[in-house]
Amino acid sequence: MLWIAIRMLTGDSQKFYGLLFGIAFSTLLITQQMTIFVNLVERGASGVYNAPEAEVWVMDPVSRTTDVSYAMPSTALDKVRSVPGVEWAVPHLRAQANVRTADGDLEGVAVIGVDDATLIGLPKRMATGDKNVLFAPDTVVIDDVGVTRLFSNGASPLGERLELNDQRAVIRGIADAIPSFTSTVVLYTRYSNALNFVPGTRNRLSFVLVGISPGQTAEGVAARIEKETGLKAETRKEFARAGVDFIIQNTGIPTNFGITVFLGFVVGVAIVGLTFSLFLRDNIKQFGALKAIGVTNSRIVQMVGVQAGLVGMIGYSLGVVGTVAFIKGFGSNPFFKGFYIPWQIPLISLAAVVVILAITGFIAIRSVLRTEPAAVFR
Amino acid sequence: MLRNLSFARQILPVGALIGVAIAVWLILVGLPDRSTAAPAEQPPKAVGKLANGERVAGAGVVEPASEVIDIGSALSGLVTDVLVRPGDRVAKGQVLFLVDARAARASLDQANAAIGEARAAIAEASTAQKTAREQLALYRSLADPAAVSRSEVIRAEGEEAAATSRLGSARARLAAAQSAAAAARTEIERLTVRAPISGEILAVNVHPGEFVATQGGGGSNSPFIQMGETNPLHVRVDIDENEIGRVALGQPAVISPRGAAELHVNATFVRAEPQVVPKRSLTNSAAERVDVRVLQLIYALPPSEAFRVGQQIDAFIPAKAGAPAKTEG
C-alpha cells in the first residue's frame, strides 16, 4: 500500500521534482547561510585559535578581544608567573602598524609578537618555511591571506623586505593561519622585534599567554589569576566566545543572515506547501477510490507521511550535498579559508525540513481526510 | 528486474542517501581542530615544590659578583699598548693598558739631569766652602795680628759664608729636582692603568693609538675596559613592587636562562638592594619607559657553563608561607 503511495508521488514527475526543488532549495539556503554566518562570526575568535598553546589569556581588565586590547606594564608577566597553577606564562604583543612595501605602498598590518624563546603564540602550522626562521634577525612571518593581499601579483613573498617603523623586516616564512574578521595582513615576529616594529607607547605587553599545570582546570587557574593579580583572565573558550560576541554586537551580520535563513524557511514553506496541496488535490480521486475499497484514514495519513518523508529525504540530501560542494568548491578562495560546516547546522536544517513538511502536510491532508468515497464518481 | 528500475523511485533515493552519507563524512572530517597544543619548546616554569606552591616570579640579568667595573683612566692621552684580552683573568694590580708617557718620561729625564746638576753644584760649593774654611782657619791661627791684613781676613770670612750659602742653595735645588723626578714617576705610574681587583676581563674597547679622555667610563662613551669578578656569577632579579611583601627573602631561587628553560639552577640568596628602583628596560628599546618600580634581589649562581654576564634569566622565588596574594586596588 505504501509502495502505491510512492508510485503515486513519482508518477507526476513535474510536481515530484517541484517538491524536491523546494525542499532542496530551502535546505541549501538555510544550511549554507548559517554555515557562512557561523564561520564569519568565528573569525572574531581567529586570534585565539591561532595561538594553539595558550589555555588562558591574561589581559588588562578593560581589554575585550584579541584586537581590542589595552597594554599592561611588563611586570604583569612576572605577576602571572607567580600564581600557583600557572605552569608557564609568556608575553604576547598584538598591535596595529603601517608597513611600507618595496613598491612604496602603505598597508595596515597587525603585528603579533610571540615569545622570544619558545615562539608560543604562532599558528600551529606553517604554509611555507619553518618556525625557526623567526630566530633570524629582523624576521617576520606573514599569514597566507596576507600574502594574497600584499603580493597580489603572485610573486613569492619570501625574502621580501618591508619597512616597519623605519626598521627593516624580512619575510622569511608563511604561516597557515585562520584569517581575521577584517582579513588584515598579519605579521608574526618575536616579541623583542615587535617592540621595535610598533611605534612605542609606555606599556607594550598586550596579553600574557598561560599554560596550566597538570591537574588544574583552566577555569580555576583563570579565577585565581584574576583574584591574585587584579588582571582579567579568560580561558581559551571564553576568550574565543568574547571575540565572537564582539562581532555579533558590533556588526549587522546576525540580522542579515537571520533574515536570509528566515526567507529560506518561508520559501520552503511556500513552494512545498503549494505543490504538495496541488499534488494531493490532483490525486483526490485515487484517495477516494482507496477509501471506497476500505482503506482507513490512518492508513492514508501513513501514505501521505511516506510521500512527505521521501520528498524530504531526497530534497534534504540534495541541499546538504549542495552546501558541502559549495564550501569545498570555494575552499581555495581566501575569503572562505578555514570555513567548515559545524555538525549542528545540518541537524538544524533537518529539523526545519521536518517542520516545513509537517506544516504543509497537515494543511494538504485535511482535504483528503474529508474526502468521501463517492468523490471517485464526481 | 532491471527494466523495473526507476530513476525517481530507486536511483534517486539511493543516490541521495549515498550523497548525504558522503556529505556527513566530509562534514565530520572537515571539523576544525580547536584543541590546544603543547608548546614545542619548553617555556620557563617553576619546578619542584614551587610548581604548585606559593611563589614569586621575576626577570633578571646575570652580572659578576663584583658588578661590572668600568675601568677609567686618570689622565687623558693616546693608548700605546693594551695588555689584556676579553676573557683573560687578571690579578689585582696587573697592568691593563698603557697611556702615552713620553712627556712624563721627558720630565723625569729633565728632573734627573737637574739632580745631577744640583749634585755637581753641591760638590763645587762644598769644595769652595772647605777651601775657604781652611784659609780662614789659617788666618785665625796666626798669633801675630800684623801678619795678615784685616781686609784679608774679612775677604776670607766672606768667601766662607758665600760657599756655605751656595751649598745650601745647591741642596735645595737637589731636593727640588728629586721631587720633580718623583712627580714625573707618579705621572708615569698614573698613565699605567691597573686592575683594581682580581677578576675577568669582560670587554676591551680601547686599542693602541686611540685617545682616551678622562671622562671615559660614563656618559655616552663606552667604558675602556670592563671587568668583574665572575666567580661566582650573581643574578639581579627584578621583583614587581606589588609583590615585595610576598617574597621570602633568604630562600634559594630557581633560575633558568632565556632560551634554555629546561635548565633549572638553584641560586643562593646574597642580598636585597635597599632601594626600590624604576624598572630598567631589558629590551633595549629606547622608546620604552616603564613606570613600574622593582625590588632588586641578588642571588649567587653555582658554577655553570650556562650563564654569561649580561644574559637575561627568568627566576622563581618562594613566597612567604601564608602571605596573602595581593590584589591591585
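## Helix pair in chain B

In this predicted model, helix H2 (residues 102–141) of chain B and helix H3 (residues 150–190) of chain B have axes that come within 7 Å and cross at roughly 160 degrees. Angles over 145 degrees count as roughly antiparallel, and H2(B) and H3(B) are therefore roughly antiparallel to each other. The crossing in which H2(B) passes H3(B) is left-handed.

The contact of H2(B) with H3(B) is made up of 24 nonpolar, seven polar and 12 charged residues.

## Interface between chains A and B

Between the two chains, 53 residues of chain A are in contact with 54 residues of chain B. On the side of chain A that touches chain B, at least two residues each come from helix H1 (2–11), helix H2 (13–42), helix H4 (76–81), strand E2 (86–100), helix H6 (191–197), helix H7 (218–229) and helix H11 (297–329) of chain A. H11(A) gives the most, with nine residues.

Sorted by class, this side of chain A has 23 nonpolar, 15 polar and 15 charged residues.

## Fold and dimensions of chain A

Chain A contains 12 helices and 10 strands. Its radius of gyration is 29 Å, well over the 21 Å that the globule rule gives for 378 residues, so chain A is more spread out than a compact globule. The C-alpha trace of chain A spans about 90 × 50 × 30 Å along its principal axes.

Of the 378 residues in chain A, 50% are buried. Among contacts in chain A between residues at least 6 apart in sequence, those joining residues at least 24 apart account for 82%.

Definitions and conventions:
Residues numbered from 1 in each chain as written. Chains lettered and ligands numbered in written order. Predicted model: local features only at pLDDT ≥ 70, side-chain atom pairs only at ≥ 80, totals over all residues. Axes fitted to C-alpha atoms, helices over the stretch in contact; angles between N-to-C directions. Helix = DSSP H or I, 4+ residues; strand = E, 2+ residues; numbered from the N terminus. Parallel < 35°, antiparallel > 145°, perpendicular 65-115°, else oblique. Left-handed = near helix turned anticlockwise from the far one by under 90°. Nonpolar A, V, L, I, M, F, W, Y, C, P; charged D, E, K, R; others polar. Contact = placed C-beta atoms within 7 Å. Rg over C-alpha atoms; globule rule 2.2 N^0.38 Å. Buried ≥ 20, exposed ≤ 12 C-beta atoms within 10 Å, placed from the backbone.
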